[in-house]
Amino acid sequence: MAMNYFHKLLCRSALWERASATKIVPWALSGLDLGASALEIGPGYGANVRALCRRTSTLTGVEIDPVLADRLRTRHGTAMTVIQGDGADMPLPPRQFDSVVCFTMLHHVPTVGEQDALFAEALRVLRPGGVFAGSDGLDSRMFRLMHLGDTCLPVPPENAADRLTRIGFTDIEIETGTTSFRFRAHRPE
Ligand SMILES: C[S@@+](CC[C@H](N)C(=O)[O-])C[C@H]1O[C@@H](n2cnc3c(N)ncnc32)[C@H](O)[C@@H]1O
């Protein structure tokens, strides 16, 4: 989950927040109802907090980096309940959230096994019928270049539906754009 210096600068910039809040989040969540309680895995610097608060009344974030978790508490503590922890092993009870979301973070999870564990955790904390949704970058030479020295394991969109099905999700949609893909998957009723 390491981020190189350039990547950190980008992720904490106003430019990134605007791009994420006005392009990535609206595309990833288009037509979806997040319900009353939503969980964001890997909120980072909090670029999506305001956009998510417009879509749900109770927002929780699980961030693995303790420095970023503290920063989120200081800056967004009234908007989001921040928990420092691993999305692949969350200190949360089951069936708690109407929705679980994540944006531009899956490729920072270093192994396929841990990515699948994160998907399984998303399923576990969702209420039956709840939705897991988000987006992540597509693999490319530019994407790899931006992540030099970082953890970078892009999720291939072509097998994402199979992976999510194996975890137990249903009603799965994957859509590939030019530089990213979006996904949505439901916990069976
Ligand atoms: C590139 S940043 C994206 C941050 C934010 N989602 C955004 O769209 O601006 C990836 C974030 O995911 C966090 N992260 C990586 N692995 C994680 C895990 N297993 N559980 C929770 N957070 C994780 C990183 O610490 C980092 O804050």
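Residues are numbered from 1 along each chain as its sequence is written. In this predicted model, local features need pLDDT of at least 70 and side-chain atom pairs count only at pLDDT 80 or more, whereas totals for chains, interfaces and linings use all residues.

The protein chain holds seven helices and seven strands, where helices (H or I, at least four residues) and strands (E, at least two) are DSSP runs numbered from the N terminus. Along the sequence, these elements follow the pattern α-α-β-α-β-α-β-β-α-β-α-α-β-β. The C-alpha atoms fill a box of roughly 45 × 40 × 30 Å along the principal axes.

The seven strands of an open sheet, with mixed pairing, are arranged in the order β3-β2-β1-β4-β5-β7-β6, and strands are taken to pair if DSSP finds at least two bridges between them. At the edges lie β3 (80-84) and β6 (170-176), each of which pairs on one side only. From one strand to the next, the twist averages 15°, with axes fitted as lines to C-alpha atoms, for helices over the stretch in contact, and angles running from 0 to 180 degrees between N-to-C directions. Helix α2 (residues 14-29) packs on the sheet, where it touches β4 (97-103), β5 (126-137) and β7 (180-186), and its direction makes about 130° with that of β5; contact requires C-beta atoms, placed from the backbone, to lie within 7 Å. Helix α4 (residues 66-76) lies across β2 and β3 and runs at about 165° to β3. Strands β1 (residues 37-41) and β2 (residues 58-63) run parallel and are joined by five bridges, with S37 opposite T58 in β2.

Of the 189 residues, 38% count as buried, that is, 20 or more other C-beta atoms, placed from the backbone, lie within 10 Å of their own. Leaving aside residues up to four places away in sequence, F132 touches V100, A122, L123, L126, F169 and A185. Both A122 and L123 are among the buried residues of α5, and the buried residues of this helix pack against β1, β4, β5 and α7 (157-167).

Methods. Contact = placed C-beta atoms within 7 Å. Buried ≥ 20, exposed ≤ 12 C-beta atoms within 10 Å, placed from the backbone.
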